[in-house]
Amino acid sequence: MNTHIVWHQSTVVRDQREQQNGHKSFILWFTGLSGAGKSTLAHLVEQRLFEQGCKTYVFDGDNVRHGLCSDLGFSAEDRCENIRRIGEMSKLFVDAGVIALTAFISPFRRDRDLVRALVEPGDFVEIFCDAPLEVCEQRDVKGLYRKARSGEILDFTGISSPYEAPLKPEILVRTGEHGLDDCAGQILEYLEKNGKINLKTTR
């Protein structure tokens with residue numbers, strides 16, 4: 001980093017933004033295999049939070065690679081850089097008082113831990129969308145597993161590249177067994193129980 005770059009401290013701080021928004025800001029980090037339901041679940045949780053008046057934004061893996069990370073491939077190095085950029089962006093959203101929801105395979109524990117270390121304790125909520133590989137392959141909404149099995153896609157997580165499951169995620173949702181509504185309810189219950197949000201209505 002250039003030593004002449006100095007961080008400019010805002011006159012409006014995070015606590016003020018949170019107070020105005022009426023809720024805490026934090027990162028909901030959805031991780032799991034392709035087809036585990038990360039994006040669908042993240043958007044459903046966002047919808048539920050939005051209905052509660054929360055300020056939210058979902059960073060979706062595919063969407064981010066259309067812009068911010070369009071210059072990256074899928075090598076181990078590029079995947080690390082992809083997650084680093086999303087982590088830094090999510091950190092800024094937390095400072096802005098926004099609930100940042102991210103839906104990325106993010107296969108390596110080291111990279112997820114680096115994002116956790118970027119923010120204050122409690123600001124990073126790791127959500128492991130646990131669905132067995134065989135279930136994800138059966139879903140194969142995008143046809144990616146079929147292409148990976150045939151060799152059309154290299155370094156594909158779960159097939160030719162490893163996935164390191166979280167050891168102690170804040171939330172474990174069994175998306176291979178339970179419906180999306182139940183999984184979303186489990187997440188909202190955790191957030192309310194841990195003082196992140198205050199639900200205005202009964203689900």
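1. Helices (H or I, at least four residues) and strands (E, at least two) are DSSP runs, numbered from the N terminus. The model is predicted: local features need pLDDT of at least 70 and side-chain atom pairs count only at pLDDT 80 or more, while totals for chains, interfaces and linings use all residues. Residues are numbered from 1 along each chain as its sequence is written, and side-chain values use heavy atoms, with hydrogens and water left out.

2. Ser106 is found in the loop between E3 and H5. Its phi is positive, about 35°, although Ser106 is not a glycine. Most residues other than glycine have a negative phi. Ser106 is buried, with a relative accessible area of 3% (buried is under 20% relative accessible area, exposed over 50%, partly exposed in between; 1.4 Å probe, protein chains only).

3. Asp155 also has a positive phi, about 55°, and is not a glycine. Asp155 lies in the loop between H7 and E5 and is partly exposed, at a relative accessible area of 39%.

4. The axes of H4 (residues 76–95) and H5 (residues 109–118) come within 9 Å and cross at roughly 20°. Axes here are lines fitted to C-alpha atoms, for helices over the stretch in contact, and angles run from 0 to 180 degrees between N-to-C directions. H4 and H5 are therefore roughly parallel to each other (angles under 35 degrees). On the H4 side the contact (heavy atoms within 4.5 Å) is made by Cys80, Ile83, Gly87, Glu88 and Lys91, and on the H5 side by Arg110, Asp111, Val115 and Leu118. These residues divide into 4 nonpolar, 1 polar and 4 charged (Ala, Val, Leu, Ile, Met, Phe, Trp, Tyr, Cys and Pro count as nonpolar, Asp, Glu, Lys and Arg as charged, the others, Gly among them, as polar).

5. The largest nonpolar core has 33 residues, of which Leu28, Phe30, Leu41, Val45, Leu49, Ile187 and Ile197 touch the most other members. A nonpolar core is a set of buried Ala, Val, Leu, Ile, Met, Phe, Trp, Tyr and Cys residues joined through side-chain atoms within 4.5 Å. Elements that each supply at least two residues include E1 (27–31), H2 (38–51) and E4 (124–129); H8 gives the most, with 5 residues. Apart from this core lies another, of 14 residues, among them Ile27, Phe104, Val115 and Phe124.

6. Leaving aside neighbours within four places in sequence, Phe30 is in contact with residues including Leu41, Val45, Leu101, Phe104, Ile127 and Ile187.

Technical notes:
Parallel < 35°, antiparallel > 145°, perpendicular 65-115°, else oblique.
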